[in-house]
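Here are a few notes to read alongside the model. Have a look at it first, then work through the points below.

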Amino acid sequence: MEPNRVLILGAGGRDFHNFNTCFRNRDDTRVVAFTATQIPHIENRVYPSALAGPRYPQGIPIRPEEELEHLVRALGVTQAVFAYSDVSHEHVMHLASRVLAAGASFVLLGPEQTWLRSRVPVVAVTAVRTGSGKSQTSRKVSRLLRGLGRRVVVVRHPMPYGELSRQRMQRFARYEDLAAADCTIEEREEYEPHLDAGNVVMAGIDYEEILRAAEREADVVLWDGGNNDFPFYQPDLWITVADPLRAGHESAYHPGETNFRAADVIVINKVDSAEPAQVEAVMRAAAVMNPRAAVVAARSPITVEDPQAIAGKRVLAVEDGPTTTHGDMGFGAGVVAARRHGAATLVDPRPYAVGEIAETFTRYPRTGPLLPAMGYGGRQLRDLEATIRATPCDLVLVATPIDLRQLITIAQPAQRARYELEEIGSPNLGEILGEFVRRPVRVS
């Protein structure tokens, strides 16, 4: 029989993992290409033979998703496997319809097909949507586990945006490791706060190799998910963060709904920013969709360096890029802090945006008046700096997980807005993790 000819639809993360776990060594399947979307400049590369294995001596081409129908027909594709995250159910089915109309089958691979099994316990932190507060929840979980005497290694969802052959398995313990790996802003935003907390972070492309390395150093592996993807590792405790500011998204976005339904613990974050009716809507959804889950209420308090310096000023809020672009958040911590501390106005940077930042606003027209800190490469970083310089404001409020002032020159006065997770009442993560570490050790 002719082998299945598979096209994997991805965004530089889940797609590679699905290939590695499900297709790399199968004689009955030939992966003919990947497609890429969401992240700029990750198409027109090759998944190299060193990662793809001996069955693919030329590697596997990565093409823009815009070529989907052409690729299905030209390459004789029999199955298109969807493998990226933080998209609406409607988006998924539109893609499915495009694939079906071109003549191929449309496939979603589930957790049991793609999970890797760990020899040590795994705690997974996932989310309903990008920007729900997953990173601060992961940081809180790591602190609590260390306080319970456990050695923690954080394994982060992949962000292989550079030279793929160098990113098979990465280990970060110091800032120098980030510089040596030429990490983008998006990578630094996820890794630096963990390094500041004393955690070792591992990431890359081959998550079997990464897991075996983590097991040698850890009593507990902490899976820190990306976007709203489900874990690559089978979790012993699955925590999902929901965002009441986007109430209803827990049943409208893929694969966030999977996370919401499968979680052992649902953290409803930002209850201090959301309306009571929004919080109640997510609580009702949890009761219906996942009644066995423990529900933790939490706020996300925002602190700034000098609140008085904000009052009466024209403020430019620089926010986390993915959260305010494909995450569909109309505001972030910087906007909240500016309004809370009496800013005279939020300056809209769109008229002053240059280069790839201007392209980002064109692609995501609902973003604003705020500046998404896009930093997937050197050009975007330079365009971000130029856009800030050109925007007429009295103060730049940096609400990204890292201090952009260390990476770019900001001519205007600037300060940071920070946020952490703070649970309310019981149950809380400390109680849940305390019970978790007292469980009998799992035998693999």
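1. Strand E3 and strand E4 (residues 60-64) pair in the antiparallel sense over two bridges; strands count as paired if DSSP finds at least two bridges between them. Helices (H or I, at least four residues) and strands (E, at least two) are DSSP runs, numbered from the N terminus.

2. Before going on: this is a predicted model, where local features need pLDDT of at least 70, side-chain atom pairs count only at pLDDT 80 or more, and totals for chains, interfaces and linings use all residues. Residues are numbered from 1 along each chain as its sequence is written, and side-chain values use heavy atoms, leaving out hydrogens and water.

3. E3 and E4 belong to an open, mixed sheet of six strands, ordered E3-E4-E2-E1-E5-E7. Its edge strands are E3 (46-47) and E7 (105-108), each pairing on one side only.

4. There is also an open sheet of nine strands, again with mixed pairing, in the order E10-E11-E9-E12-E8-E13-E15-E16-E23. E10 (169-172) and E23 (422-424) each have a single partner strand, so one side of each is left without a neighbour in the sheet. Within this sheet, E15 (residues 265-268) and E16 (residues 294-299) run parallel, joined by four bridges. Ile268 stands opposite Ala297 in E16.

5. Which residues touch Tyr233? Among them are Trp115, Val155, Tyr207 and Trp223, not counting residues up to four places away in sequence; contact means heavy atoms within 4.5 Å.
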